[in-house]
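Let's take a friendly walk through a protein model together. Have the sequence and the 3D view ready, and follow along.

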Amino acid sequence: MSEHVEWTDTETPAPSVSAAVTPADAADAARLVAFGLQPKLQPARDQEYTELLRRYRDDPPFARLADAVAAGLGLVVLEVSPRAGMAVTAAEDSVFAVRMGDYARRTAADSGDRFLHGLAHLAVAALAFPRPEDLADDAYIGRITVNGVDAFVRQACRRLEERAEQQGENTDPATDAPGLEAAWRIWARRSATGATKDARRPAASTTGIVAKAAAFLTDSGFLQRTGDDNGGTYRTTARYQLQVRDMAGAAAMAELLDLGVVPVTDGTASLLPGEDSDDLDLVAGAGLPFHS
């Protein structure tokens with residue numbers, strides 16, 4: 001029968017001794033985070049990146065150090081793995097955070113376009129991963145096209161307009177007060193393609209806005225362009241799946257999917273009757289992967 005031993009201040013066992021963190025360790029941890037901030041870089045194509053990922057997996061103190069470096073930069077670590085590398089996303093107060101207002105101002109002077117750019121990003125995410133099981137399956141690859149995303153949003157607009165008419169809501173707000181218009185009303189009134197003298201796609205058209213979103217997501221390592229059909233075809237990356245998985249609880253994304261616009265993986269969409277839902281107003285300025 002063993003005796004019960006009560007620890008005193010002098011009897012408290014010393015903690016296990018671990019190797020002190022060296023400047024080289026800190027440099028390696030920062031290097032790993034730096035790799036994570038290069039979203040287009042694939043671990044399989046960089047031996048140093050691969051070795052640091054392996055060290056993160058096998059060396060818990062090093063993993064904690066890398067996590068601390070990321071946290072100090074205002075980054076949230078979504079996953080560290082050979083498939084995604086060190087996948088990070090910026091917290092709202094991070095210097096790396098991209099804000100929808102800044103993003104929209106790069107391409108348009110109209111303040112109402114902020115809602116359109118946010119809606120485009122939201123629609124890309126919803127079209128790429130329309131079901132919870134798609135987000136849960138690491139092997140799933142979503143596919144979208146620029147024209148398909150625009151069609152998806154326009155069908156959602158029609159669905160919302162039908163709901164508004166059924167509920168007797170005002171569907172024609174004052175034209176001099178765009179802030180009172182819901183994003184879907186602005187989108188529905190905007191030309192899908194517009195017209196230019198040299199046949200280019202105007203940036204202010206809805207397909208131009210979707211193309212801008214797709215280009216940004218491609219530059220950010222979230223999408224890969226696979227062709228030019230239907231305004232541009234794209235496939236999702238592991239990083240984008242992690243990003244959308246992290247944001248999937250957003251009310252705006254759930255509401256968009258609840259409208260009954262059921263997307264399919266070839267980038268097109270079809271409108272099917274949806275179940276009634278209480279609140280289907282899109283959240284103003286909602287968009288991935290931005291902060292409002």
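In what order do the 3 strands of the open sheet lie? The order is β3-β5-β4, and the pairing is antiparallel.

## Before we start

This is a predicted model, in which local features need pLDDT of at least 70 and side-chain atom pairs count only at pLDDT 80 or more, while totals for chains, interfaces and linings use all residues. Residues are numbered from 1 along each chain as its sequence is written, and side-chain values use heavy atoms, leaving out hydrogens and water.

Two strands count as paired if DSSP finds at least two bridges between them.

Look for β3 and β4, the edge strands, each of which pairs on one side only. From one strand to the next, the twist averages 30° (axes are lines fitted to C-alpha atoms, for helices over the stretch in contact, and angles between N-to-C directions run from 0 to 180 degrees).

Strand β3 (residues 143-145) is joined to β5 (residues 233-236) by 3 bridges. Here Ile144 sits opposite Tyr234, and Thr145 sits opposite Thr233. On the β4 side (residues 223-227), 4 bridges link that strand to β5, with Arg225 opposite Tyr234. A hairpin is formed by β4 and β5, with 5 residues between them; in its turn, Asn230 has a positive phi of about 55°.

## The nonpolar cores

A nonpolar core is a set of buried Ala, Val, Leu, Ile, Met, Phe, Trp, Tyr and Cys residues joined through side-chain atoms within 4.5 Å. Buried means under 20% relative accessible area, exposed over 50%, and partly exposed in between (1.4 Å probe, protein chains only). The largest core has 36 residues, and Ile144, Val149, Trp187, Leu223 and Tyr240 have the most contacts inside it. Two or more residues each come from α5 (113-128), α7 (146-166), α8 (183-189), α9 (206-219) and α10 (238-247). Of these, α5 gives the most, with 10 residues. Another core, of 18 residues, lies apart from this one and includes Leu32, Val33, Leu52 and Leu75.

## A closer look at α10

Helix α10 is mostly covered, with 7 of its 10 residues buried. Among them are Ala238, Arg239 and Gln241.

Tyr240 is buried too. Which residues does Tyr240 touch, not counting those up to four places away in sequence? They are His121, Val124, Ala125, Ala128, Phe129, Leu217, Phe222 and Leu223, where contact means heavy atoms within 4.5 Å.
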